[in-house]
Amino acid sequence: MPSRRAQIAQLRLIALAALREYPLPHGRLTFVTHGENTTFRHDSAAGRHLVRVHRPQRHGQGVDGAAAIRSEIAWMRSIRADTELEVPDAVAARDGSQTVRATAAGETRDCSVLRWMDGRIHEDSARPVHLHRLGAAMAVLHDQADAWAPPDDFVRIRWDHEAFFGNVMVYGGIPAAECWNLLPAPLRARFEAVGERMVDVMASAEDVGLIHADLHAGNAVFEGDRVKLIDFDDCGTGPRMYELAVAVWELRDRPDYPLYLEALRSGYLTGRDTDLAQLDDYIALRQVAFDLWYTGTAQINPAFAARLDVVHDWSLEMLDIVEHRKPSRPAV
C-alpha cells in the first residue's frame, strides 16, 4: 500500500481542489486526521473551517455517498434549529450544494466543509463531569430526533443486526464479509458468539431512532461548561442503548469505570429515562464493530496495520470483561 505520507499528500490535493468550489478566501491548509475520512483545517480571513475528504463507500455498499452526507448535514441543521445543542454548521459551495466531488492525482472523492468548533477534546483525559454533560446532551439529541421528520430523500446507515454482522458495510475499501475472514480464528469465534446473542437483544430494543452512533469523548468538544457534538459521520437509525454504550465503551476496563457510568446515566436522566441492564451487551457489540472497522482500515492504512494485533488482543480482553470471564490473556 502507499505510505501514510503519500496517501495524505494525495488527499490534500483533493481537499485543495474542493476548496476552489467554496466561497472561501485563500488560506492555510493543515492536516488533522487520516482514519475513516481524511480531514484538514483551513485557516483564512473567513475564519477556521474543517475540510472533510470522505472515504468511498463509507455509508455501505451501493449507497450514494453524496446523498448520505447531505442527509447528515440536514440532521445537523435541524438540531441547530430545534435545540440549543452546538453541532457543526456546514458551508455551502458556490452553487449551493452541500458536497463537492473533487478530483486530483487520478482520484475522485466527495468532500464537505464545516465551520470549525473551538474548545478542547478530552478523549484521553475525560473526567466524570464530561460524561455527565455528554449524557445530558445525548438526551436532548434523542428527543430532537424523535420529534423531527426527516426529508423524503434522507439516506443514512441503519444500525441493525445485519449492519453489524452481515455484509452491509465496507471498511477501508474491504466488504465486511472479507473483514470477518481476516480475523484470527479465536477472535472470530468470540465475535460470532456476540452476534448470536445480539439477535434477541437487538430485536427486543424498545428505544430505536436516529443516533449519532459514535458519541464518545473523542467526538465532543468542551468549552467551559458547554459540550459541542462533532463528527456525525456515523449517524443513522439504531438502538439508543448502543449510543450510551459507545460513550463509555473505551472506559469499560478502567477500575473507576462505575464513576463514569453513573455520570453518563445521571446526565442522560436529566432529559430521558433509560435502563442500562443490557449495556454490556452493547459494549460488546461496539467492540466487534470497532475491530472489524480497524481490520478493514488496516489493509489500506499503514498506521492501522502496525497496531492491528494490539487491537485484536484488546478486543479479547474487553469481551472477557463484559462477559464476566477470567482474562483469556494478559491485558494489553
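Is Asp-214 buried or exposed? Asp-214 is buried, because its relative accessible area is 11%, under the 20% limit for that class. The model is predicted. Asp-214 is also among the residues that lie nearest the centre of the largest pocket. The briefing starts with that pocket, then takes the sheets, the helices and some single residues.

**Largest pocket**

- The space in the largest pocket comes to about 1600 Å³.
- Its lining counts 48 residues.
- Nearest the centre are Thr-33, Asp-214, His-216, Asn-219 and Asp-231.
- Sorted by class, the lining holds 25 nonpolar, 14 charged and nine polar residues.
- Three strands supply at least two lining residues each: β1 (28-34), β3 (47-53) and β5 (107-115).
- Helices α7 (240-249), α9 (279-298) and α10 (302-322) also supply at least two each.
- The most comes from α10, which gives six residues.

**Asp-214 and its surroundings**

- Asp-214 sits in the loop that links β9 to β10 (220-223).
- Neighbours within four places in sequence aside, Asp-214 is in contact with Asn-219, Asp-231, Asp-234, Glu-243, Val-246 and Arg-286.
- Two of these partners, Asn-219 and Asp-231, are also listed with Asp-214 among the residues nearest the pocket centre.

**Five-stranded sheet**

- Five strands make an open sheet, ordered β1-β2-β3-β5-β4, with antiparallel pairing.
- Its edge strands are β1 and β4 (100-104), and each of them pairs on one side only.
- From one strand to the next, the twist averages 30°.
- Strands β1 and β2 (residues 38-44) run antiparallel and are joined by six bridges.
- Within that pair, Arg-28 stands opposite Asp-43 of β2.
- Five bridges link β3 and β5, again antiparallel.
- Here Val-51 stands opposite Val-113 of β5.
- Strands β4 and β5 are likewise antiparallel, with five bridges.
- Which residue in β5 is the bridge partner of Val-100? The partner is Cys-111.

**Helices on this sheet**

- Helix α2 (residues 65-82) lies across β3, β4 and β5.
- What angle does α2 make with β5? Helix α2 runs at about 5° to β5.

**Three-stranded sheet**

- A further open sheet has three strands in the order β6-β12-β9, and its pairing is mixed.
- The edges are β6 (157-158) and β9 (208-211), each pairing on one side only.
- Strands β9 and β12 (residues 236-239) run antiparallel, joined by four bridges.
- Leu-210 stands opposite Thr-237 in β12.

**Positive phi angles**

- Most residues other than glycine have a negative phi.
- Ala-105 is not a glycine, yet has a positive phi of about 55°.
- Ala-105 belongs to the hairpin of β4 and β5, which has two residues between the strands.
- Ala-105 counts as exposed because its relative accessibility is 54%, and the class starts over 50%.
- His-324 also has a positive phi, about 60°, although it is not a glycine.
- Where is His-324 found? His-324 is in the segment after α10.
- With a relative accessible area of 63%, His-324 is exposed.

**Arg-120**

- Arg-120 is found in the loop between β5 and α3 (128-147).
- Arg-120 is exposed, at 54% relative accessible area.
- Sequence neighbours within four places aside, Arg-120 is in contact with Ala-220, Val-221 and Phe-222.
- How far apart in space are Arg-120 and Val-227? The C-alpha to C-alpha distance is 9.5 Å, while the two are 107 residues apart in sequence.

Note on methods: Residues numbered from 1 in each chain as written. Predicted model: local features only at pLDDT ≥ 70, side-chain atom pairs only at ≥ 80, totals over all residues. Heavy atoms only, no water. 1 Å grid on protein atoms, 1.4 Å probe; cavity = no way out; pocket = protein on both sides within 12 Å on 5 of 7 lines; lining within 4 Å. Points joined across faces, edges and corners; volume = space filled by probe spheres on them. Nonpolar A, V, L, I, M, F, W, Y, C, P; charged D, E, K, R; others polar. Buried < 20%, exposed > 50% of the residue type's maximum accessible area, 1.4 Å probe, protein only. Contact = heavy atoms within 4.5 Å. Pairing = 2+ DSSP bridges. Axes fitted to C-alpha atoms, helices over the stretch in contact; angles between N-to-C directions.
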